[in-house]
Amino acid sequence: MRGATASTALEQCQRCHCQHGPTAVPARPVPSQQHPAPLAVTEARPCLAGLEEGAKNQFSTFSNFITTINQKKEGIGNRNSPTQLVIPNIKNGRDLPPLCLDVRQKQRMSIDTLPQELKAPFPPEPSLPIRTKTVKDFQDDMEKSKASGDWKAVHNFYSTTFDSFLEINAAFKKDTNSPFNTIEDSGIDAKFVNVVYDALLNTPQDVQKSVLKGIINGLLQEWTGPRTKDDLRAYCILLQNPQFSNTSTYVIYAHLLRQIAALTEADHHFLVHWSKKISQKRFKQVVDRLLQFISLRLFPAKPEEFPPMVKCTWWIPSATKVLALFNAANSLISPPIISYTDFYNSTLDHIDLMEEYHNWQCYGNSHRFSFCQYPFIISIAAKKVIIQRDSEQQMISIARQSLVDKVSRRQKPDMNMLFLNVKVRRTHLVSDSLDELARKKADLKKKLKVTFVGEAGLDMGGLTKEWFLLLIRQIFHPDYGMFTYHKDSQCHWFSSFKCDNYSEFRLVGALMGLAVYNSITLDIRFPPCCYKKLLSPPIVPCDHNTLVGICGVTLDDLFQIMPELAHGLSELLSYEGNVEEDFYSTFQVFQEEFGVIKSYNLKPNGDKIPVTNRNRKEYVQLYVDFLLNRSIYKQFAAFYYGFHSVCASYALLLLRPEEVEILVCGSPELDMSALQRSTQYEGYQKTDLTIRLPSGLPVAHTCFNQLCLPPYKNKKELKQKLIIGISNAEGFGLE
């Protein structure tokens, strides 16, 4: 009877394609008083081919889940951060990283505003059927079936196992008598699941069809009340089914994703923590499968395979929300299970990105989904496009306003008013630049043009690049005293020396902002921690008393700047002797400033508090926070405000710290193959000897990224001319 119901339902799903489903609602970004709250997303109710009377859960709790999931590190060292929400009945639950960011929602949920289903005890687990088949039993059955051609035993196993969520648990739960109601252990026999799925695609078609029919049975079950942990286990197992790589299964896959997206936030917490226990190979397979599903729904190779887009608008939002759970799980592990770039979907590079961006910005609580709600899925190439176009639109808007103001005062328009014109002397580069940017604050968002006094160069981009190069070189010189170069890590960090004026730090921040705003890469080597601080918060707070540039820092962050000191602190943490007696340290640290040793307490009366085995973790954390946050607060705050004075944009909410670094410095790895593919030759072929020999150029049109090569006779002459060109690469002339 149940098999017949499943078959009929499958046919019905494929005919009607189920027009109903979730739609995402982006929240409207506004400047926040504190760190921006994550994006609120609400959805419509789920359904499955009209057989959904019992599926009454709204998607509203998904927004609660997103709102209450925050990186644990963000709260460290920031006393202004709101209190983290603790979900009842989740043992040892860790705060999760945000699935997506938005600054439009100012309020965070408190425990008193939790939905009733989160306050209620978890429902009891129903009794499971008794199934005794082991991995070895299954493997023996597979071998016998392959040898004899009789697949009855294997068919019976698959059809029974996947016939319902209870049967899935009966087969794959490590101990059917244990509840496994904690986030630490899903209770899933991962080895058995992997063996069964690895064998599935090598079975006859009728076996594979029986699995799909069973899955439909589980999805068609009329749900009343909260899901049990057995239900969540079934969802976790079904997501790993390799059959969902085939487009013919996408209707079923879509409904599975919809149901998972519609779960309560407490259930999502469990799925996130359980997912991080999946092996790297299987984890990436699930992520790739979800990305493929989104790509093929956007650009189907065979459109006739899928229902019309207008009838299944909920497919992509559902898949993206489930992908967000895996992104959250990935962020909980250090190092992560897979690279954050593995969540990029390059297909999105070919959609109307600015429409996505404007939908996210403008539509508030209307029923409009945008990938910008889930920036982890957008590649850095696509984010560059969004930021560049957003910058261009801001430039046009500012220039237009300047023109209107000029005309309204009946003054003659001047083309120079459309640009940020910076005039500097090479002999007074830093002071002139500081004066120019301070005097022209209102023009920072105009297109940048640089003039070197006394030189005939016209800035088509090359002069601007040289200005950045020379200015950065001087500011970061050790004699200048603003930054300290750490040889071990080969990066710069902010000097903690106190001074009366931090305006030059603001200049460096503005330079970085101008570089990003004008699409120019800089030769700056800051540690990753710098870019994390630069996005704390990503939107400048309206309340100027709110701390900025303060983020959660760890010993790993210190390792990237001062590896020797970090190693010493790590040794302290692992020391097996008596810390108090052997180290004789207190919660006080010392720093040399201009030849004078100064002391600082890490906490009140720190000089009187000894470091012991019990409190050494606190000591290390406070020391790291002192070095990377407290001791350089004024310097970094000036740097932060300088950067955001130019780059203030909601587009920054889309970026990870690593992506900001790429925008500022470019890719850390040179892709010579990509350079060769994108190079255009005039008067040469890529196989010509002159092209194959050079490692540099005697003449460069840097404004247009052009390299000019005369036809050298041999490699020796080429090398000699190039060295001369490279050695005399400063300054500009007109030809």
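Is K284 buried, partly exposed or exposed, and what is its relative accessible area?

Reply: A word on the source first: this is a predicted model. K284 is partly exposed, because its relative accessible area is 30%. Buried would need a value under 20%, and exposed a value over 50%.

Now the partner of K284. K284 forms a salt bridge with D288. Their closest N and O atoms are 2.9 Å apart. Both residues sit in helix α13, which covers residues 280-298. They are four residues apart, so about one helical turn separates them. D288 is partly exposed too, with a relative accessible area of 33%.

Take the pair R233 and D230. Their side chains meet in a salt bridge, at 2.8 Å from N to O. Both lie in helix α10, residues 229-238. They are three residues apart, about one turn of the helix. R233 is buried, and D230 is buried as well.

Next comes helix α5, residues 135-148. Here D140 and K136 are four residues apart, so the separation is about one helical turn. Their side chains meet in a salt bridge of 3.1 Å, N to O. K136 is exposed, because its relative accessible area is 55%. D140 has a relative accessible area of 31%, so D140 counts as partly exposed.

What lies behind such pairs? Side chains of opposite charge can pair when their charged atoms come close. In the whole structure, a search finds 21 salt bridges. Those described here include K284 with D288, R233 with D230, and D140 with K136.

For contrast, turn to a nonpolar part of the surface. L670, M672 and L675 form a nonpolar patch there. Together they have about 350 Å² of accessible area. M672 belongs to helix α27, residues 672-678. M672 counts as partly exposed, because its relative accessibility is 47%.

Last, a pair of helices. Helix α18 (residues 462-475) packs with helix α19 (residues 503-517) at an angle of about 150 degrees. Their axes are 12 Å apart. The angle makes α18 roughly antiparallel to α19, because angles over 145 degrees count that way. The crossing of α18 past α19 is left-handed.

Conventions. Residues are numbered from 1 along each chain as its sequence is written. This is a predicted model: local features need pLDDT of at least 70, side-chain atom pairs count only at pLDDT 80 or more; totals for chains, interfaces and linings use all residues. Side-chain values use heavy atoms; hydrogens and water are left out. Patches are made of residues with over 30% relative accessible area and no salt bridge: like charges are joined within 9 Å, nonpolar side chains (Val, Leu, Ile, Met, Phe, Trp, Tyr) within 5 Å. Accessible areas come from the Shrake-Rupley method with a 1.4 Å probe; for residues, only the protein chains shown count as cover. A salt bridge is a side-chain nitrogen of Lys or Arg within 4 Å of a carboxyl oxygen of Asp or Glu. Helices (H or I, at least four residues) and strands (E, at least two) are DSSP runs, numbered from the N terminus. Buried means under 20% relative accessible area, exposed over 50%, partly exposed in between (1.4 Å probe, protein chains only). Axes are lines fitted to C-alpha atoms, for helices over the stretch in contact, and angles run from 0 to 180 degrees between N-to-C directions. Angles under 35 degrees count as roughly parallel, over 145 as roughly antiparallel, 65 to 115 as roughly perpendicular and the rest as oblique. A crossing is left-handed if the near helix is turned anticlockwise from the far one by less than a right angle, and right-handed if clockwise.
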